[in-house]
Amino acid sequence: MPQQANSSKPFISAIMAGLLVCSLHATAIAALNDPDNPTSPVVDTTPPSAISINKPIGFDPNRYDKDDGANRPIVSPDFKTQIAETVEVADENTITFSPTGNVGPLLPGTHIINWTATDLGFNSRTAEQTLEVLPALNLGLDQVVAEGGTAVVTAYLSGTAPDASYPITVPYTVSGTASIADHSAVDSSFVFNAGVTQTSFSFPINIDGISDAGETVVITLGAIPANAAFAGHKTTHTITITETNQAPLAQLFAMQASEQTRVISTDAGTVTLSAEAYDANGDTILYDWSASDNALVPTSGTNGSSFTFEAQDLNPGFYTIRLSVSDAGGLSSTYDLLLVLPQSQPQLTDSRDSDDDNTDDLSEGIYDNDNDGIPNYLDALSTPTLIQAFEPYVFDASLKQSDTLVTDNIELKWEITTTASNLIVYPLLISTEPGLHINLGPTTFASANNYARISSSTAEQLRGIPLSDNIVSTDGQVLDIEITHLPQAGSNARIIIPQAAPLPASQNGTTPEFVIFSSQDSWDTFSTDSNNHIATDVKDDGDMIVEEEDSYCSGFDEVASYTSTLGTGDECLLITIQDGGPNDYDGVANGNIRLMGGVFITSASGSTSSQTNGETFSGNNDTSTETLNRLDLGTGSGGGSLGLTSLLCLMTLLLFRRRNTSAQ
């Protein structure tokens, strides 16, 4: 009988070979440490003795020339930043690295970079680098307050301040033409506690029985702590006193399972809509929710400050909540909020971070904490004045979150542990002024986008109105946004809209034009007057130490750099738009603005836009000025309806996009 082969021999041989390699490697390492006696290994257990990190370059010396001397440079939030000029690792010899990696742009706050140096003996030393990004401090937009009303003045930080800055105390002074008989405001201070980005004070405007309308109260910021924040573009706030009745204003919020959301579920309990209302005269506010979708059966009536309904018996679809607020003087304003009940909820996991903000999808959930129409798990931004403009993509591959640098003797790794990528993935952010909120418009929300732009063909289909045959969007898209929290009905808002590429000229040589969807249910050229205008600018390279190819548009503190025309070759738009004006497509002055449109050029080859057919949004059956051209997707007759074909198509799109996102 033949002898059976020993199958373990190759395995044992492999182990012996591996041990020999390890022995030789250890001997080689020992030889580095004890070259006079290489046969008597000395195991290297000593890590590099020090890591020295020079401050990064790339911050603006004109605005950010601050360093507390403890390796804590304060860098610009507007630009990318080189993580360090040089890094020295002291081992047996001092090795100098010149990192090429850039991070940013960084949100305001404290950011940590961890450095790890490892030698040939696999010994490591770590060091921590802190980058502190200062927020801008601004006061809110000027306001009009009537006698008998209450003025509320708010100071806003553009983000959290560095951790060591709190509490932040900023004095303010009170001046203006009004006398102490008109109000009770006195010099004092704004105080920001840890993590707080806005703080307010209020005071009554007295009824003095004198005809003195037009008097002012002016609040002016004082000195700002140097290592906490910097002064933004709005450091004074003017309250103009009026003696006429002002319409009440409101904002709407939906809650389910004690969370703010726009995506509701049949198994998460009661849905509650709340109104945050304000009347500049101090009048009692009356509420009327009766124009909401008829499929939503109220459980507590339609005349309170909230509206509740049960969702368990609802069909998948879109539901419009509509509120009218009025005062005793007969003035009113109307608002609506679009909710969606999907066929099924997205399946979120703790292994996926869809918005790349260092928090997993499962932890963030489908809720919408900032009420901008983007679920938390898809929303990298919580700053109310900013919104994602484009589908996520890597804007600048040179920007990193980590890197490894290698020499013959040392491996040096770095990694930023705080969020740095949200402005890398979403670089072209649409912005508005402090105190205002920017949200997805209802058309974009209905298309299931998690950014503020949709294709021009989708906008045509959802609105049921085709664009002209001879124009084409410069990038195939239009934006659809909503600006809320204006201080009074009919006031203006400014919006900065970066473009993905320089504006081209039309094929026939004509200049580009901004085409909007209007309250007249048509696509029209942006209407220009004293309250509505567009200016453009090239990208702002700034006065940086290093050239910034991918920097942002000039901000509201640099509006003088914008020209008065829509210019070929420019990449930044500054739009001023009036609430209730010709470019606000909700058609009413209600403290909210809806803008849908984009830059178009004349096409010499004819139509490139998609023509619509089949069923489309019907709009509201009520043609009064208060409800004209609302986007109504409700399933009942309370505010118009969407045809079955269109509803199924929209829901399929919604489910596909969100499932696809969560599965990636």
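## The second largest pocket

How much space lies in the second largest pocket? In this predicted model, the second largest pocket holds about 650 Å³ of space.

Its lining is made up of 27 residues, and those closest to the centre of the pocket are Tyr156, Gly435, His485, Leu486 and Pro487. If you have the viewer open, these five names are a handy place to begin.

## What lines it

Which elements give two or more residues to the lining of this pocket? They are five strands: S10 (143-146), S11 (150-157), S14 (198-204), S18 (249-256) and S20 (271-278). Strand S11 gives the most to the lining, with four residues.

Sorted by class, the lining of the second largest pocket has 13 nonpolar residues, 13 polar residues and one charged residue.

## A sheet of three strands

Elsewhere in the tour comes an open sheet, in which three strands are arranged in the order S1-S4-S5 with antiparallel pairing. Which strands are at the edges? Strand S1 (50-53) and strand S5 (94-97) are the edge strands, as each of them pairs on one side only. From one strand to the next, the twist averages 15°.

Looking at one pair in this sheet, strand S4 (residues 87-90) runs antiparallel to S5, and the two pair over four bridges. To find your bearings in the model, look for Glu88, which stands opposite Thr96 in S5.

Notes. Residues are numbered from 1 along each chain as its sequence is written. This is a predicted model: local features need pLDDT of at least 70, side-chain atom pairs count only at pLDDT 80 or more; totals for chains, interfaces and linings use all residues. Side-chain values use heavy atoms; hydrogens and water are left out. Two strands pair if DSSP finds at least two bridges between them. Axes are lines fitted to C-alpha atoms, for helices over the stretch in contact, and angles run from 0 to 180 degrees between N-to-C directions. On a 1 Å grid over the protein atoms alone, a cavity is a set of points where a 1.4 Å probe fits but cannot get out, and a pocket is an open set with protein on both sides within 12 Å along at least five of seven lines; lining residues have an atom within 4 Å of a point. Grid points are joined across faces, edges and corners, and a volume is the space filled by probe spheres set on the points. Ala, Val, Leu, Ile, Met, Phe, Trp, Tyr, Cys and Pro count as nonpolar, Asp, Glu, Lys and Arg as charged, and the others, Gly among them, as polar.
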